[in-house]
Amino acid sequence: MNLTMDVIKPFDPWKSPLCTCPEKYSLNPYTGCSHCCIYCYSTYIPNFYRLRIKKNLLSRVEKDLSKLPKHALISMSNSSDPYPPLEKKLGLTRKVLELIKEHDMDLMIVTKSDIVTRDIGLIGEMNAAVSISITTLDKELAAKLEPGAPEPTKRIEALRRLHSEKIPVVLRLDPIIPGKSEGEIEKIIEECSFVSHVVSSTLKLRFDSLRRMLNTFPELEHYHKLYKKGEKIQNSFYLPLDLRKQLLENVREVCERYGIGYAFCREGIDFKAKSCDGSHLIR
Ligand code: SF4
């Protein structure tokens, strides 16, 4: 569909040949992200770790929504987090949710924050699912990887609360970080075995995220050699395919054991679920 949109844009991750997402639209209520994950893929956006507010956000969202057909799928957010700490004070994402509900759209919320539970009542009245990212259960490791984001136990608790309110929930086990979190795959899925879907992905690097990873973890110096053995797909360096297959096979095996649907994000490796992002769970 060729629409002139302003803040809601067709989701098209750098035209990746490996993207298996259904047709959907991307909406970032905030620009930048104060969760400051060192592996973040969105740091091509200038001053990315400085959270900014979009001018006239609500009227712009409303205008874009009026151009979309009912039940168009909106993914919020892909290049930021819709629930930074500032959201508690500003409630911008909540106001955006109200607009999306008014316009009868389908919604996939993607976050690392337990602030999403503030909106449980509203989300429960929408055609919506919530995907929460967890990379590690180790509080200290998480504080180094994702210094501005809530600790992992809070995220699991948020998933649990959403699930108990019958909101479809997805575990985003992403990224799996070789040499750091790969040994936690089973434990993370086990802790979240009540979710309906797991989407997982291995760590992809760009020059700037590699630099941040090595500044924080000098012991990962071997990444230079490891990623050289892998492939470069568009702007990202991928791990060697046999290692990606091995890590994701582990995800598949544990998910099958727990009877959870699973998929992989931009890996070029087959999965059985009806959608990669879990949007098939939206009522
Ligand atoms: S929460 Fe997402 S968008 Fe924000 S810094 Fe982390 S990876 Fe980037």
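Reader: Why is Ser200 called buried?

Author: Happy to walk through it, with the note that this is a predicted model. Ser200 has 26 C-beta neighbours inside 10 Å, and a residue is buried if 20 or more other C-beta atoms lie within that distance, so Ser200 counts as buried.

Reader: Where does Ser200 sit, and which residues does Ser200 touch?

Author: Ser200 is in strand β9, residues 197–202. Leaving out residues up to four places away in sequence, Ser200 touches Leu173, Asp174, Ile176, Leu248, Val251, Tyr262 and Phe264. Take Asp174: Ser200 is 26 residues from Asp174 in sequence, with 5.1 Å from C-alpha to C-alpha in space.

Reader: How do you know that β9 and β12 pair?

Author: Two strands pair if DSSP finds at least two bridges between them. Here 4 bridges join β9 to β12, and the two run parallel, so by that definition they pair. Ser200 takes part: Phe264 is the bridge partner of Ser200 in β12.

Reader: Which residues of β12 point one way, and which the other?

Author: In strand β12, residues 261–264, Gly261 and Ala263 point one way, while Tyr262 and Phe264 point the other way. All of these residues are buried. In a regular strand, side chains alternate between the two faces of the sheet.

Reader: What is the phi of His71, and what is the phi of Arg266?

Author: Phi of His71 is near 65°, and phi of Arg266 is about 50°. Both values are positive, and neither residue is a glycine. Most residues other than glycine have a negative phi.

Reader: Which peptide bonds are cis, and what are their omega values?

Author: A cis bond joins Met76 and Ser77, with omega about 5°. Ser77 lies in the loop between β5 (73–76) and α2 (86–90). Another cis bond joins Asp174 and Pro175, where omega is about -5°, and Pro175 lies in strand β8, residues 169–176. This is the Asp174 that Ser200 touches.

Reader: How many residues of each class are in the shell around the ligand?

Author: The shell has 5 nonpolar, 3 polar and 3 charged residues. Among the residues around the ligand are Cys33, His35, Asp81 and Lys112.

Note on methods: Residues numbered from 1 in each chain as written. Predicted model: local features only at pLDDT ≥ 70, side-chain atom pairs only at ≥ 80, totals over all residues. Near = placed C-beta within 6 Å. Nonpolar A, V, L, I, M, F, W, Y, C, P; charged D, E, K, R; others polar. Buried ≥ 20, exposed ≤ 12 C-beta atoms within 10 Å, placed from the backbone. Contact = placed C-beta atoms within 7 Å.
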